[in-house]
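Please find below some numbered remarks on the structure, written for reading beside the model.

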Amino acid sequence: MLKEYFSTLQQRLGVKETKGGKKTAKKSSTKEEYNITKLINLLQDIVPNDFVISDKKPVDASGYVPKTVDYIAYFKKWNIIDQMMNGHIPSELVYGTFHVVDCITPQQLPEILNNVALTKKLNKFSELEEAVLIPAFIIAGASDIDMPQLKNTILDYYIERSIDNTLEFDIMMIIGKGIIIKDWREKRKFVALETEEDTLLWFFILMNEYLDVDKKHSLDLRNYVKETRRYREY
């Protein structure tokens with residue numbers, strides 16, 4: 001049941017796989033059908049009900065706001081939280097970040113990975129009792145690089161630049177082609193799967209495993225009040 005449902009959803013995004021992994025699409029419709037609005041509406045349908053998919057930027061207690069993230073999934077604790085926080089969402093309420101691109105190319109890949117690393121610096125400079133790591137998901141409509149080469153290129157990028165492994169992405173989905181997953185059991189390891197027509201299905205399952213994690217930390221609004229002032233006390 002799940003397989004057929006998500007296969008249909010994937011086709012609605014304008015991407016269809018044939019045997020052998022070659023990508024096809026309806027004539028002159030790929031560019032029209034794969035669009036951000038359709039994708040974000042789909043994401044909103046497949047995240048837990050308490051979450052909101054938004055293009056608002058997250059902010060941590062240190063005041064860091066990564067402009068490099070496209071969308072976030074956050075827990076809707078208050079209806080007006082963005083108004084209270086000057087249009088931002090406190091990082092403690094953010095359970096996932098999304099980086100969306102039309103196509104992954106050799107020239108564009110370094111920018112994508114760098115954007116994720118900058119986004120993952122959320123909470124790095126906040127004085128929190130526990131480290132707060134927010135999972136990062138990369139979603140692409142296509143890729144000019146085959147899956148084995150893409151995985152190796154990603155590893156080379158991280159190793160050559162000595163990037164902290166906590167700043168790596170968690171899941172990369174190329175719609176209709178495959179998924180690359182970070183293996184957190186080892187310091188620097190990724191697994192690439194050519195999932196083709198099952199790609200959206202497995203992204204749904206894996207993404208929700210991250211989003212369903214019960215965060216042990218709580219939002220302390222005092223951390224976001226930077227002005228120190230003494231009040232008259234009676």
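1. In this predicted model, seven strands form an open sheet in the order β3-β5-β7-β8-β9-β10-β11, and their pairing is mixed. The edges are held by β3 (51-54) and β11 (190-193), each of which pairs on one side only. Averaged over the sheet and with direction ignored, neighbouring strands are turned by 15° against each other.

2. Within this sheet, strand β7 (residues 94-104) runs parallel to strand β8 (residues 136-143), the two being paired over seven bridges.

3. Helix α3 (residues 36-46) lies across β3, β5, β7 and β8 and runs at about 170° to β3. Helix α6 (residues 147-160) also packs on the sheet, where it touches β7, β8, β9 (171-174), β10 (178-182) and β11, and its direction makes about 160° with that of β11.

4. Y74 belongs to strand β5 (residues 71-75), and it counts as buried because its relative accessibility is 7%, below the 20% cut-off. Leaving aside residues up to four places away in sequence, its contacts include D50, F51, V52 and S54, as well as I81, I89 and L93. The C-alpha atom of Y74 is 9.4 Å from that of L211, although 137 residues separate the two along the chain.

5. The salt bridges, nine by count, deserve a careful look. D170, in the loop between α6 and β9, and K120, in the loop between α5 (109-119) and β8, are 50 residues apart, yet their side chains meet with an N to O distance of 2.7 Å. D170 is buried at 2% relative accessible area, and K120 is likewise buried at 7%.

6. The loop between α6 and β9 also holds E168, while R188 lies in the loop between β10 and β11, so this pair ties together parts that are 20 residues apart in sequence. The closest N and O atoms of the E168 and R188 salt bridge are 2.6 Å apart; E168 is buried with a relative accessible area of 0%, whereas R188 is partly exposed at 26%.

7. A salt-bridge network links D183, R185, E186 and K189. Within it, the side chains of D183 and R185 meet at 3.1 Å, N to O, with D183 buried at 10% relative accessible area and R185 exposed at 76%.

8. For the chain as a whole, seven helices and eleven strands are assigned, and buried residues make up 50% of the 234 residues.

Note on methods. Residues numbered from 1 in each chain as written. Predicted model: local features only at pLDDT ≥ 70, side-chain atom pairs only at ≥ 80, totals over all residues. Heavy atoms only, no water. Helix = DSSP H or I, 4+ residues; strand = E, 2+ residues; numbered from the N terminus. Buried < 20%, exposed > 50% of the residue type's maximum accessible area, 1.4 Å probe, protein only. Contact = heavy atoms within 4.5 Å. Pairing = 2+ DSSP bridges. Axes fitted to C-alpha atoms, helices over the stretch in contact; angles between N-to-C directions. Salt bridge = Lys/Arg side-chain N within 4 Å of Asp/Glu carboxyl O.
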